[in-house]
Amino acid sequence: MRLLLVEDSPRLVELVGETMRDAGWRLDAVSSVSDAEAAIAAQEHDLILLDLGLPDGDGLTLLRRVRQEYPGLPVLIITARGSVDERIAGLDAGADDYLVKPFHHRELLSRCRAMLRRNPQAVQPVLEAGALRYDPATADLTCDGIVVPLPPRERSLIEILMREVGRVVPKRRLETALSEYGQEISPNALELAVSRVRKRLQVYETGIQIETVRGIGYLLRRAL
């Protein structure tokens with residue numbers, strides 16, 4: 001899952017970022033209407049978290065544009081505007097849900113999961129490769145029922161490889177997928193992530209291995 005957070009509070013961006021990454025979701029964060037429009041055009045997202053008071057415009061204006069161009073894209077408003085009239089205005093403008101600040105991170109996650117369940121395009125099947133099993137809805141990775149603990153970036157990496165099991169995934173595609181908007185990871189950082197995943201999986205009988213295809217990318221296949 002990849003989410004877009006449109007929020008100009010650095011502290012809230014940090015907190016929401018930690019929450020989403022701990023849940024195994026990738027998060028892009030921007031702080032203005034113009035940057036949000038660019039991010040939406042550049043990258044496909046499963047859900048938008050939208051503040052209303054932005055430095056270069058009102059989030060409701062952005063919401064209306066999103067509804068016109070991407071009618072099926074879920075949008076959750078997160079704002080300090082909490083009156084009944086303000087909630088109604090946000091929902092009537094096209095928001096799928098409305099959450100008033102301050103909020104608990106567990107409630108934010110719960111609302112996100114509920115919205116994604118309601119979006120047929122966002123529902124993704126459980127992935128299996130060898131003895132590994134990955135559930136995109138919960139970001140749980142297991143091996144024969146045993147939880148495999150991986151940090152968010154490494155979890156996202158194995159998810160992508162499991163989606164393409166038996167096929168070579170180009171390095172550039174992985175770098176783009178694991179990057180956050182405006183903050184691309186380097187080839188060295190990708191190699192380090194692959195090395196860490198290999199090391200973590202060595203202690204499990206997964207039945208699969210990550211193979212390096214030099215100059216091209218990586219391949220998840222049955223272990224020899």
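Is arginine 173 buried, partly exposed or exposed, and at what relative accessibility? At 41% relative accessibility, arginine 173 counts as partly exposed, where buried means under 20% relative accessible area, exposed over 50% and partly exposed in between (1.4 Å probe, protein chains only). The model is predicted, so that local features need pLDDT of at least 70 and side-chain atom pairs count only at pLDDT 80 or more, while totals for chains, interfaces and linings use all residues. Residues are numbered from 1 along each chain as its sequence is written, and side-chain values use heavy atoms, with hydrogens and water left out.

Helices (H or I, at least four residues) and strands (E, at least two) are DSSP runs, numbered from the N terminus. Helix H5, with 14 residues (105-118), should span 20 Å at 1.5 Å a residue, and its end C-alpha atoms are 20 Å apart, which agrees; the expected span is 1.5 Å times one less than the number of residues. Within H5, Leu108, Leu109, Cys112, Ala114, Met115 and Leu116 are buried. The buried residues of H5 pack against strands S1 (2-6), S3 (47-50), S6 (75-79) and S7 (97-100) and against helix H1 (10-22), contact being defined as heavy atoms within 4.5 Å.

A nonpolar core is a set of buried Ala, Val, Leu, Ile, Met, Phe, Trp, Tyr and Cys residues joined through side-chain atoms within 4.5 Å. The largest such core has 29 residues, and those with the most contacts inside it are Leu132, Leu157, Ile158 and Met162. Among the elements that each supply at least two residues of this core are helices H6 (152-163), H7 (171-178) and H8 (187-201). When residues up to four places away in sequence are not counted, leucine 157 touches Leu174, Leu178, Leu190, Ala193, Val194 and Val197. A second, separate core of 22 residues includes Leu50, Val66, Leu73 and Tyr98.

The structure also holds 17 salt bridges, each a side-chain nitrogen of Lys or Arg within 4 Å of a carboxyl oxygen of Asp or Glu. Arginine 173 meets glutamate 164 in a salt bridge (3.3 Å, N to O), and glutamate 164 is buried, with a relative accessible area of 18%.
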